[in-house]
Amino acid sequence: MKKILLTFAVLASLGLNAQNNTSYWQQHADYRMNVDMNVKNFQYTGDQELVYTNNSPDTLHQVFYHLFFNAFQPGSEMDVRSRTISDPDRRVGDRISKLSPAQQGYLKVNSLSRDGKPLKYEEVGTVLEVELDMPILPGEKATFKMKFEGQVPEQIRRSGRNSSEGVALSMTQWYPKLAEYDFQGWHADPYIGREWHGVWGNFDVKLSIDKSYTVGASGVLQNANEIGHGYEDEGVKVKSKKGDKHTWHFIAEKVHDFSWAADPEYIHDKRTAADGTVLHFLYKDNPEIKENWKNLQPKTEELLKFFNEHIGPYPWPQYSVIQGGDGGMEYAMLTLITGERNFGSLVGVTAHEMAHAWFQHLMATNESIHEWMDEGFTSYISSKAMNEVMNQNKENPYEGAYNSYLRLATSGVEQPQSTHADRYTYNAAYGASAYSKGEVFLAQLGYIIGEENLQKTLKRYYNDWKFKHPTPNDFIRVAEKVSGAELDWYLRDWTQTTNTIDYAVQNVQEEETGTQVTLERIGVMPMPVEVTVNYTNGSSKQVYIPLQMMRWEKPFEDAENVVVKDDWAWAYPTYTFSLEEPLSEISSIEIDSSKLMADINRENNVYQK
Ligand SMILES: [Zn+2]
C-alpha cells in the first residue's frame with residue numbers, strides 16, 4: 001500500500017513538472033568572504049567559503065573560477081585583443097601594455113580545498129581550472145574554502161583604482177567567482193572584452209577598509225548603526241570606534257554577483273521610494289556635479305516606478321547609484337557610472353543601468369552569447385522610460401536605434417546577433433548589434449504582434465523568468481503564448497542571420513473595379529506588411545497583410561479602419577491586392593508608415609502621385 005502511494009506521489013509530481021515545463025534547472029552558490037583592503041598600495045587579501053549546490057543532472061569532475069583582475073596585465077588576452085582589433089575601446093587602447101607591476105591588476109589563489117581536502121588547480125590567465133578528486137554528484141553540495149590575494153589595477157575598464165573622476169576604488173569583477181554551469185555546460189569564458197554569466201546565490205561579505213572611506217555595495221549593510229557613513233538609522237548617533245579600519249558587513253540575497261566601490265570623499269544621500277526600495281546615491285564632493293546629483297534622485301525614483309509598472313516589481317530591498325568606473329556598468333543592486341555629465345546624460349545613463357537590474361540581473365541571460373537580450377532589452381525599456389520621465393514626447397522613442405541598425409545592416413560588417421560578444425570583428429559592430437539591433441528586436445516585435453501584446457509579453461517574461469537564466473527561445477515562447485502567433489521565424493532570421501527586410505511598392509494601376517496595388521519582397525527576411533492608403537479627400541485607411549507562416553492576424557485597436565487582406569506566403573516575391581477606389585481618389589500609398597518595421601530601404605516604400 002505504502003509503495004503504491006509512493007508511486008502515485010512520484011507520478012503526481014512528474015505530471016506537475018511536465019505541466020510546468022520544469023526541466024529547467026540552475027546551479028546555486030553561497031559565498032562567505034572576509035576581505036581586508038589596504039588603501040595605500042591597493043592590495044587586498046581574502047578568504048572565501050563557497051557552498052556549491054549541483055542542481056544539474058550531471059556529475060561534475062571539475063570546476064572553474066574567474067580571476068578577472070588578471071586581465072589587467074601586459075600580454076593578457078584583453079591587452080592583446082585591444083591592441084590588435086582595428087577599432088579598440090578608447091578607454092583600453094594600449095594602456096594595459098604600459099602598466100608597471102605596481103599598477104597592474106592581479107588575483108591569485110593561495111590555497112583551495114574541498115570539504116577540508118586540498119585541491120589541484122592551475123591559474124590560466126583569467127580562469128582558474130580546478131580538478132576534483134571526487135566528483136560532485138547531481139543534487140550534492142560541495143564546500144570550497146579558498147585564500148586569495150589581489151591588486152586593484154589602475155582604472156582602465158569597468159573596475160580599478162583612481163578613476164579619471166578621482167574615485168578611489170571601483171571594485172567590480174574583483175573576487176574569485178565560480179563560473180556558471182548550465183544546460184550548455186561550463187561557461188569558463190576568459191575575460192577579454194565584455195559580458196558575464198554567473199551562478200545564482202547569496203553573498204555574505206565582510207570588508208575591512210580604512211574608516212575614512214564610504215562604501216557602496218551590493219547587498220544590505222548589516223551593521224549600519226555601527227558604521228554610520230549615512231547608512232545609520234535616523235536619529236542614531238554613531239559611536240566612534242578604536243582602530244584605523246571599519247569592517248562593513250553586507251548580505252546580498254538572490255543575486256549572481258557582488259560589487260562595491262569606496263572613496264573617502266563620497267557624499268551619501270538616501271531616499272526611500274514609494275515601493276519601499278531604499279535608493280542610495282554616492283558621489284564625489286565636487287561642487288560642479290552636486291546639483292545634478294541632487295536632481296537625479298527624484299528622477300531615479302520615477303525610473304524605478306516606470307520599470308516596476310512596465311516590467312515587474314524591483315525585488316531587492318535597495319539600489320545604489322554610485323559614481324565610479326569609466327562610463328556606466330550594471331551590477332547586483334547597484335550601478336557604477338561616471339558622474340561629471342550634463343543632467344540629461346546623467347539621468348540617461350542611470351535609466352539604462354537601472355533597467356539592467358531587470359534585463360541582466362533579474363532575467364539573467366548569458367550575456368556572452370545573448371548580448372542583445374541584455375543590452376537590447378535594456379536600451380528598449382530605457383528609451384521608453386526616458387521618453388516619459390524626461391518628457392521627451394517622441395513619437396518613436398526608438399528612432400535612434402533604428403537608424404543605428406540601418407547603418408549596421410548596410411555597412412557590410414554586420415555579424416549575426418548570436419555571435420559571442422568577444423568574437424565580433426569590430427567593436428562598433430558589436431555595439432550596434434547588441435544595443436541598437438537588440439532594441440529594434442523589441443520595438444519591431446510590437447509592430448508584429450501589437451503594442452499591447454508586447455507589453456503583456458514583457459510582464460509575463462518577468463513572471464516566468466525572474467531569478468533565472470532565460471534564453472532567446474524562452475523569450476520568444478513567452479511572446480508566442482501571449483499573442484498566439486508563431487514567432488520562431490522572427491527570432492531566427494533577426495538574431496541568427498544578417499538577413500534584412502526590404503519591401504517595396506512595385507506597381508499601382510487603375511483597373512475596372514478600382515485600383516490594383518502590387519508589393520514586392522526584396523529582402524530575404526519575412527514580415528507582415530501594413531500599408532497606409534491616403535486619399536485625395538484627406539482620409540486614409542490601413543491595409544494589413546498577414547504573414548502566412550505566423551498563422552495569425554494582428555488585433556487592431558481601430559479595427560474599423562483596417563482592411564485585412566489574405567495572407568502573404570513568404571516564398572512569393574510579389575503580392576497583389578485591390579482597393580475599391582479609383583486611382584484618381586488616391587494620393588499616396590506607403591508601406592509601414594509607423595516606421596517600426598526595420599526596412600533597410602524606405603525609398604521604395606512609397607507610391608506618390
Ligand atoms: Zn547596458
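Welcome to a short tour of a predicted model.

**The largest cavity**

- How many cavities of 30 Å³ or more does a search of the whole structure find? The search finds 2.
- The largest cavity has a volume of about 120 Å³.
- Its lining is made up of 16 residues, and those nearest its centre are W196, H256, D257, Q360 and E367.
- Sorted by class, the lining of the largest cavity has 8 polar residues, along with 4 nonpolar and 4 charged ones.
- Two elements, β22 (328-331) and α6 (357-362), each supply at least two residues of this lining.
- Which element gives the most to the lining of the largest cavity? That is β22, with 3 residues.

**The zinc site**

- The zinc ion has three protein donors to look for: H352 through NE2, H356 through NE2 and E375 through OE.
- These donors lie 1.9 to 2.1 Å from the zinc ion.
- Along the sequence, the donor residues follow the spacing H-x3-H-x18-E.
- Is H352 buried or exposed? H352 counts as buried because its relative accessibility is 12%, and the cut-off for buried is under 20%.
- H356 is buried as well, with a relative accessible area of 1%.

**The nonpolar core**

- In soluble globular proteins, nonpolar side chains tend to be buried together.
- Here, the largest nonpolar core has 181 residues.
- Which residues touch the most other members of this core? They are F144, L169, W260 and W358.
- Helix α9 (residues 427-449) provides the largest share of the core, with 12 residues.
- To see one of these residues up close, find W358: leaving aside residues up to four places away in sequence, W358 touches L304, F307, N308, I311, G312, P313, Y314, M363 and Y462.

Terms used
Residues numbered from 1 in each chain as written. Predicted model: local features only at pLDDT ≥ 70, side-chain atom pairs only at ≥ 80, totals over all residues. Heavy atoms only, no water. Core = buried A, V, L, I, M, F, W, Y, C linked by side-chain atoms within 4.5 Å. Buried < 20%, exposed > 50% of the residue type's maximum accessible area, 1.4 Å probe, protein only. Helix = DSSP H or I, 4+ residues; strand = E, 2+ residues; numbered from the N terminus. Contact = heavy atoms within 4.5 Å. 1 Å grid on protein atoms, 1.4 Å probe; cavity = no way out; pocket = protein on both sides within 12 Å on 5 of 7 lines; lining within 4 Å. Points joined across faces, edges and corners; volume = space filled by probe spheres on them. Nonpolar A, V, L, I, M, F, W, Y, C, P; charged D, E, K, R; others polar. Donors = N, O, S within 2.8 Å, 3.2 Å for Na, K, Ca; no water.
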